[in-house]
Amino acid sequence: MTSAESAASARPEIEAALLLLGKLGLTPADLVASSTAGRPVVPTFAEFVPEIAAAVTAGTLKTYGSYWTKVVELWGDRKIDSPTALELEQLGERIKAKRTVRSSDRGGRSAVENYVGAMRCLYRRAVESELILASQNPAAKIKKPRRLPSNRRALPDARLQEVTRVAANGGDDPALDALLVRFHTETGARRAGALAVRPMDLDREQCLVRLREKGGTEDWQPVSPTLMAHLWDHSVERGAPRNGQLLRYRNGRPITYRRYDGLWVRVREALPWAAAQGVSTHWLRHTILTWVERNFGPAVARAFARHTDKAAEQKSGSTATYVKADIHEVARAVAALTGEPHPLENP
């Protein structure tokens, strides 16, 4: 049946419905109005974005905040249900074209990926708040670019020593920078994990640091006695309260992500190879995890990394369900790495 034939066959039903509405004193517009009655008023981007920004975690805001700011700049007065999927894609291409190109740039894939993630987060919140229907979500119709394999890799020993040397010499606080490099080299922690450490998270007797990282994970990570002593001395000398951030500037203020930015600017200025490859804190995580995997096997490396990704576990096969490393094996890896005995080496 053609579309014209379908319309013709449906015409009697439409006329009957209109006749019934007329007898009831109603119009089709009245039905539309009643279906939307009681729903919250759809906000503009300028109204809705601050609400989202106040509700998400600091990590999410750091990743998506700049994209939400750009949307407000361009579409602040528009209601969030007005853009189409095509308009969202076009905005993504504009952001990609105007991105800051760094040495680690890969054609703007990361910028578009984060932008799509930001818009999906925004519209998911709008659906959850019943401001729009799931079927009205334009962000669900746009695709993220396929993620390429990471360019990061483990640093050779000589390169790692160069980074450590630069961190410990020069700058306005080399003691702090050296502590940061040692902490990440020894624990494989992410930046957020380091910034979340408090003096109360140090178990000095057993040389353990409690790391609270992404996904709400919380794990005790073995460290060397030397690193533990440096962390404790740092907290005392710089006046870190027991339940406050441990890592601090000389004046007692907690450090932020900006300290890492300054550290790596200094490293890259001193080491051309680091600048060319865009070496960052996460390279230290790759370095230690690669070393642990090569010397102690995948199970210990997974425990060392504090991975909880179920998909990754499934890819590693059913054996991973049974072959798991415990904290004592991680402690043995730390002892081998640092050359210092660890209290948990021999349970």
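Two strands pair if DSSP finds at least two bridges between them, and the strands themselves are DSSP runs (E, at least two residues), just as helices are (H or I, at least four), numbered from the N terminus. The model is predicted, so local features need pLDDT of at least 70 and side-chain atom pairs count only at pLDDT 80 or more, while totals for chains, interfaces and linings use all residues. Residues are numbered from 1 along each chain as its sequence is written, and side-chain values use heavy atoms, with hydrogens and water left out.

**Exercise 1.** Describe the sheet that contains β1, β2 and β3.

*Solution.* Begin with the order, which is β1-β2-β3 in an open sheet of three strands with antiparallel pairing. Next, find the edges: β1 (202–203) and β3 (217–222) each pair on one side only. Then take β2 (residues 208–213), which pairs with β3 in the antiparallel sense over six bridges; Glu213 has Thr217 in β3 as its bridge partner. Finally, helix α17 (residues 327–338) packs on the sheet and touches β2 and β3, where contact means heavy atoms within 4.5 Å.

**Exercise 2.** Classify the ring pair of Trp291 and Phe296.

*Solution.* Start from the rule that rings of Phe, Tyr and Trp (its six-membered ring) pair if their centres lie within 6.5 Å, with planes under 30 degrees apart counting as stacked, over 60 as edge-to-face and the rest as tilted. The whole structure holds three aromatic pairs. For Trp291 and Phe296, the centres are 6.0 Å apart and the planes stand at 50°, so the pair is tilted.

Conventions
Axes fitted to C-alpha atoms, helices over the stretch in contact; angles between N-to-C directions.
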